[in-house]
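I am keeping these entries as I look things up. The structure goes in first, then what I took from it.

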Amino acid sequence: LLTAIERELPELAVTGIAAGMHAVLELPPGVSGVEARAAASAFDVAVSELTRYRASSATPVPEALVVGYGNLSDALVDEAVARLARAIRSLG
């Protein structure tokens, strides 16, 4: 997953990978998690916006996506990340 993200979206920071099963992908300035999730869905990629996981609406979080990879076949990682990259770029 990290190799594919580095290749397709090298400008975006990835965190949380050490926790396993999910990674957090920070979004470019001006792109919201809600917009990015909807765009990803249009490219048949399921992700969640990080704001869904905050403790309260008063808790600030960066605009980012939670990318789950626990049930993603290794054979599909490259294609999924390429689609996600196209979705994010479509918003810029």
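**Entry 1: fold.** In what order do the elements of the protein chain run from the N terminus on? I read the order as α-β-β-α-β-β-α. I counted three helices and four strands in the protein chain; helices (H or I, at least four residues) and strands (E, at least two) are DSSP runs, numbered from the N terminus. I note that this is a predicted model, where local features need pLDDT of at least 70, side-chain atom pairs count only at pLDDT 80 or more, and totals for chains, interfaces and linings use all residues. Residues are numbered from 1 along each chain as its sequence is written, and side-chain values use heavy atoms, with hydrogens and water left out.

**Entry 2: overall dimensions.** The C-alpha trace spans about 40 × 30 × 20 Å along its principal axes. The protein chain exposes about 5400 Å², and carbon and sulfur atoms supply 54% of that; accessible areas come from the Shrake-Rupley method with a 1.4 Å probe, and for residues only the protein chains shown count as cover.

I then checked burial, where buried means under 20% relative accessible area, exposed over 50%, and partly exposed in between (1.4 Å probe, protein chains only). Buried residues make up 32% of the 92 residues. For contacts (heavy atoms within 4.5 Å), I took those with a separation of 6 or more: residues 24 or more positions apart account for 58% of them.

**Entry 3: nonpolar core.** A nonpolar core is a set of buried Ala, Val, Leu, Ile, Met, Phe, Trp, Tyr and Cys residues joined through side-chain atoms within 4.5 Å. Which members of the largest nonpolar core touch the most other members? Of its 20 residues, I found these to be Leu-9, Leu-25, Leu-65, Leu-84 and Ile-88. At least two core residues come from each of α1 (2-8), α2 (33-42), β4 (64-68) and α3 (77-89). Helix α3 gives the most, with six residues. In general, nonpolar side chains tend to be buried together in soluble globular proteins. I listed the contacts of Leu-9, leaving aside neighbours within four places in sequence: Ala-4, Leu-25, Ala-85, Ile-88 and Arg-89.

**Entry 4: strand β3.** Is Ser-48 buried or exposed? Ser-48 counts as buried because its relative accessibility is 13%. I placed Ser-48 in strand β3 (residues 48-49). Its side chain makes a polar contact with the side chain of Arg-52 at 3.4 Å; the term covers a pair of N or O atoms within 3.5 Å, where within protein one must be able to donate a hydrogen and the other to accept it, and residues adjacent in sequence count only if both atoms are side-chain atoms. Leaving aside neighbours within four places in sequence, Ser-48 is in contact with Arg-37, Tyr-53, Ala-64, Leu-65 and Val-66.

I also checked Ser-32, in the loop between β2 (22-26) and α2. Its C-alpha atom is separated by 11 Å from that of Ser-48, 16 residues apart along the chain. Not counting residues up to four places away in sequence, Ser-32 touches Leu-27 and Glu-63.

**Entry 5: salt bridges.** I found six salt bridges in the structure, each a side-chain nitrogen of Lys or Arg within 4 Å of a carboxyl oxygen of Asp or Glu. In one of them, the closest N and O atoms of Glu-49 and Arg-37 are 2.7 Å apart. This pair links distant parts of the chain, with Glu-49 in strand β3 and Arg-37 in helix α2, twelve residues apart. Glu-49 counts as buried at 9% relative accessibility, whereas Arg-37 is partly exposed at 31%.

Arg-83 forms a salt bridge with Glu-79, the closest N and O atoms being 2.9 Å apart. These two are four residues apart in helix α3, so about one helical turn separates them. Arg-83 is partly exposed at 28% relative accessibility, and Glu-79 is partly exposed at 38%. Salt bridges that share partners join Arg-7, Glu-8 and Asp-78 into one network. Within it, the side chains of Arg-7 and Glu-8 meet at 3.7 Å, N to O.
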